[in-house]
Amino acid sequence: MIGKLNHVAIAVPDLTAASATYRDILGADVSEPVDVLEHGVRVVFVNLPNTKIELLLPIGENSPIAGFLAKNPSGGIHHVCYEVSDIIAARDSLVKSGARVLGDGTPKIGAHGNPVLFLHPKDFYGTLVELEQV
Ligand code: CO
């Protein structure tokens, strides 16, 4: 069902500093920040040859990243994103297997303009999993 690793998302307390770390110390190709208001995040995309890293800063009142950063003040891996070809078929299969889909189970449009869903971290070894239809 799952295909490529689309990205690993890392919550950071300071997006400018984190961008500089990836650009200047790790020598990566780093984008300008992009606000994704419906997900409550400002994102910097780090483009690697085989995948992406997304540096996430919470923005707005009820960002889902804010609580994570409160618990992990220096930052941390927030989720991994796997590609699927049919997100509805993937969701239905996962629900049938007993996995919990977050929210009402309706895909939302993610940071790349594609439908996404999130799966409960307790069902996947403590890791929040995002599925993106690509
Ligand atoms: Co993501």
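Student: What makes E9 count as mostly covered?
Tutor: In E9, 4 of the 5 residues are buried, where buried means under 20% relative accessible area, exposed over 50% and partly exposed in between, with a 1.4 Å probe and protein chains only. Strands (E, at least two residues) and helices (H or I, at least four) are DSSP runs numbered from the N terminus. Before we go on: this is a predicted model, in which local features need pLDDT of at least 70 and side-chain atom pairs count only at pLDDT 80 or more, while totals for chains, interfaces and linings use all residues. Residues are numbered from 1 along each chain as its sequence is written, and side-chain values use heavy atoms, with hydrogens and water left out.

Student: Why is Ser63 called buried?
Tutor: Its relative accessibility is 8%, and the cut-off is under 20%, so Ser63 counts as buried. Ser63 sits in the loop between strand E5 (52-58) and helix H2 (64-71). Leaving out residues up to four places away in sequence, Ser63 touches His39, Gly40, Val41 and Pro58; contact means heavy atoms within 4.5 Å.

Student: How do you know which strands E9 pairs with?
Tutor: Two strands pair if DSSP finds at least two bridges between them. E6 and E9 have 5 bridges, in the parallel sense, and E8 and E9 have 4, running antiparallel. Therefore both pairs meet the definition. Tyr82 stands opposite Leu131 in E9, and Val116 has Glu132 of E9 as its bridge partner.

Student: What makes His7, His79 and Glu130 the donors of the cobalt ion?
Tutor: Donors are N, O and S atoms within 2.8 Å of the metal (3.2 Å for Na, K and Ca); water is not among the atoms, so sites may look incomplete. Here NE2 of His7, NE2 of His79 and OE of Glu130 coordinate the ion at 2.0 to 2.1 Å, so they qualify as donors. His7 lies in strand E1 (residues 5-11) and His79 in strand E6 (residues 76-84), so this pair ties together parts 72 residues apart in sequence. Both His7 and His79 are buried.

Student: What is meant by a nonpolar core, and how many residues has the largest?
Tutor: A nonpolar core is a set of buried Ala, Val, Leu, Ile, Met, Phe, Trp, Tyr and Cys residues joined through side-chain atoms within 4.5 Å. The largest has 24 residues, and Ile10, Tyr22 and Leu131 are among those with the most contacts inside it. Apart from that core lies another, of 9 residues, including Phe45 and Ile65.
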